[in-house]
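Here is a short briefing on the structure shown below.

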Amino acid sequence: MAAFDEMLPEVSGLRRPYTAYDRWLKEQDPARLTEKMQDAERVFRKTGITFAVYGEQEASERLIPFDIVPRIISGQEWRRLTQGIEQRVQALNAFLDDIYHRQEILRAGRVPRDLVARNEAFLPEMIGVRPPAGVYTHIIGVDIVRISEDEFYVLEDNARTPSGVSYMLENRETMMQLFPELFQKIKVRPVENYPQLLRQSLAAVRPQGTKGAPTIAVLTPGSYNSAYFEHAFLADQMGVQLVEGQDLRVVDGHVAMRTTEGYKQIDVLYRRVDDAFLDPLTFRPDSALGVPGIMDVYRAGNITIANAPGTGIADDKAIYSYMPEIVEFYTGRKAILGNIPTWRCSEPDSLKYVLEHIHELVIKEVHGSGGYGMLVGPAATKKECEAFAKKLQAKPSNYIAQPTLALSTCPILTEKGLAPRHVDLRPYVLVSDRIQLVPGGLTRVALKEGSLVVNSSQGGGTKDTWVLDD
Amino acid sequence: MLLGRTANGLYWMNRYIERAENMARLVDAGLRMALTRTQNASEEWNSVLLSAGSDVAFTQKYQDYTAANVADFLLRDTSNPSSTMASIETARNNARMVRTALTRETWESINEAWMALKRMLARPIDERDLPSVLDAIKRETALIRGSFYGTMLRNEIFEFSQLGTYVERADNTARILDVKYYVLLPSISWVGSSLDNYQWESILRSVSAHRSYRWVYDADYKPTNIADYLILNVRMPRSLTFCYRFLAEHLKFLGDDYGERHACHATAEKTQAMLRGGSIKDIFDAGLHEFLAGFIRDNTRLGDEIAQDYRFY
């Protein structure tokens, strides 16, 4: 299966967005580039941009490998993506509002009622609750793949707590340190104002009764969490407090943090703690990461929680397959960005097809994330496929399947020079009284030749993503 | 506005940085004694361990007080929570936790110190390399201190950090003196044997004051002068008086900032007044050991009160 290379496709030769970069690259001494690659690693290690890998004792802090060849998107391509993403994000929020209120989409029969009602990601506690400013999912990461010059698909939506935005920012920072001359030659649209936009966006959705400037905080599970670096980074860049559950409690109907001068009220909480751990009085009683009683404060409209509890119902993989219908239902237009064709294994016909074609398909757990619990048919052995088929038959509704797409490739720098590797793209979207995207996102790249798995926990790396100012 | 947990993290981060360096200094002093006084080497290493507060834990693990064992235990051994490696690791964990309160330079210097020492202390130290390892530890902590002083805003974050530094340092100096107090007592001092000279030099060396002492006093080591230097000298950066001058000052800044005085203010000021008004003769008359034991107790209480008053937990 020949993949579309975004720099140098076989058919048409060097693509236009890469012309200036290619000219520069040809002037470079390969040895110097290799040195730059090592410099990049040193920068990351020095600044502590690491992530923890669960279940690995030895290398408890690892770097996400960074490749110094940028992934370049033209201004025109970006405009088209932006339209599609904005439409999708609008639909996601409308869907959430509907699903927790009138449930018209269920009444209209466009999404099966069971799929929502029996879904663990659907929180009955949120029924009838309208979050401040009516926004449910404030920060969204939309994973996009490309398979040809004109075909972009949404691989999945991340409407809970999408991570990785700090890598988008640090990758750019690192590239600018390593290759300042490149940024003088090529006009790349900036991404570094993301933290300011995030802060403004969070401030805009403060509770109605907030007096003066709202107090914003980032809630982290703690310094042992795999994404802790990002939590600290964002709090720091926004100039807000980084809090843990142990710092917070409910005081006089508000959530407050314990400071050296006593308890101080918080108005907006950007939480990076999962729903289940948010409030031991409402959800998991054994959680020490959340705030007892925060849901009562939330229901009383005295705090904004971003993203709202219960947004997982919108990015669930079983719901994903209905996204084209959902977009059309709420925006009245066809989805600009398509879905990847998806077989819902809960449907007998689909299950039959999936079992027959298991070697060709990618099969994912409906609730899984991070590339765990999935089968990449073409890359799996016969034995692995058989074992997976058994799991599939035991609980079909737990799985969806998609064709193995020829994800586009981008070159990475290897010891033997440039070599194509598969990539995807996660742009970050901010929703308040408006929808905003910084031009760029996180490009994840599968570093192993031929591999389609780009997750950092499975040997993926990242690249700086350039949107050209053309 | 500062989270109580963040203030706690800053305080302990700095205590552990101070401690990491102090361990290196103690081993350095012990090494010097062992090199010059081979007969009493094991006794010297024993008092090094006592000063480090690690004697009991050491004897559970080792039989012999040798340079290799003590250096290993005080510098490398992460099962010893006060070892340089364990201290730097705790300091870094705290720094990671309070990262948003630190400048990039400060965080990076701590992170780099941790990386460098982890590499350097990965394997047992060859005795020939010990001096260069000790130098490297002192250099890394000096770099941390340098980037901290050079880049941090002088606000509450700075104050809580400094409180950690000076509470730890006062404790260290008092312990070093207390372990060796008997060689400073007058009844022995007039013997003036060469052994005493080494002992005295060792005390000064363990607070990196063996050279500066000569600038302030005469070239001769006199026990009363040494005690005076480490306890009452206002300009000696590791003396008890120096530490309390800054503890009282930083607490006053916090009190003024917040418009609130606490128990810790009274405790620090009381100790500071006692040191300022004290003479070394009075201290010796009342009993050096009693004085030091009382000081260590009050200093610990000050730490507890700071934690309480500023809602560390």
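In chain B, helix α1 (residues 4-36) packs against helix α4 (residues 67-76) at an angle of about 170°, and their axes are 10 Å apart. Angles over 145 degrees count as roughly antiparallel, so α1(B) is roughly antiparallel to α4(B). The model is predicted.

**The helix pair**
- From α1(B), the contact is made by B:Met23, B:Ala24, B:Leu26, B:Val27, B:Gly30, B:Leu31 and B:Ala34.
- From α4(B), B:Ala67, B:Val70, B:Ala71, B:Leu74 and B:Leu75 take part.
- By type, the residues of this contact between α1(B) and α4(B) are eleven nonpolar, one polar and no charged.

**Chain B as a whole**
- Chain B has 17 helices and zero strands.
- Its radius of gyration is 19 Å, close to the 20 Å that the globule rule gives for 313 residues, so chain B is as compact as a globular protein of that length.
- Along the principal axes, the C-alpha atoms of chain B fill a box of roughly 55 × 50 × 35 Å.
- Of the 313 residues in chain B, 51% are buried.
- Counting contacts in chain B between residues at least 6 apart in sequence, 70% join residues at least 24 apart.

**Where chain A touches chain B**
- The contact between the chains involves 19 residues of chain A and 19 residues of chain B.
- On the chain A side, the elements that give two or more residues are α2 (30-47), α9 (228-238), β5 (241-243) and β7 (254-259) of chain A.
- The residues on this side of chain A divide into five nonpolar, seven polar and seven charged.

Conventions: Residues are numbered from 1 along each chain as its sequence is written. Chains are lettered from A and ligands numbered from 1 in the order in which they are written. This is a predicted model: local features need pLDDT of at least 70, side-chain atom pairs count only at pLDDT 80 or more; totals for chains, interfaces and linings use all residues. Two residues are in contact if their C-beta atoms, placed from the backbone, lie within 7 Å. Helices (H or I, at least four residues) and strands (E, at least two) are DSSP runs, numbered from the N terminus. Ala, Val, Leu, Ile, Met, Phe, Trp, Tyr, Cys and Pro count as nonpolar, Asp, Glu, Lys and Arg as charged, and the others, Gly among them, as polar. The radius of gyration is taken over C-alpha atoms; the globule rule is 2.2 Å times the number of residues to the power 0.38. A residue is buried if 20 or more other C-beta atoms lie within 10 Å of its own, exposed if 12 or fewer, and partly exposed in between; C-beta atoms are placed from the backbone. Axes are lines fitted to C-alpha atoms, for helices over the stretch in contact, and angles run from 0 to 180 degrees between N-to-C directions. Angles under 35 degrees count as roughly parallel, over 145 as roughly antiparallel, 65 to 115 as roughly perpendicular and the rest as oblique.
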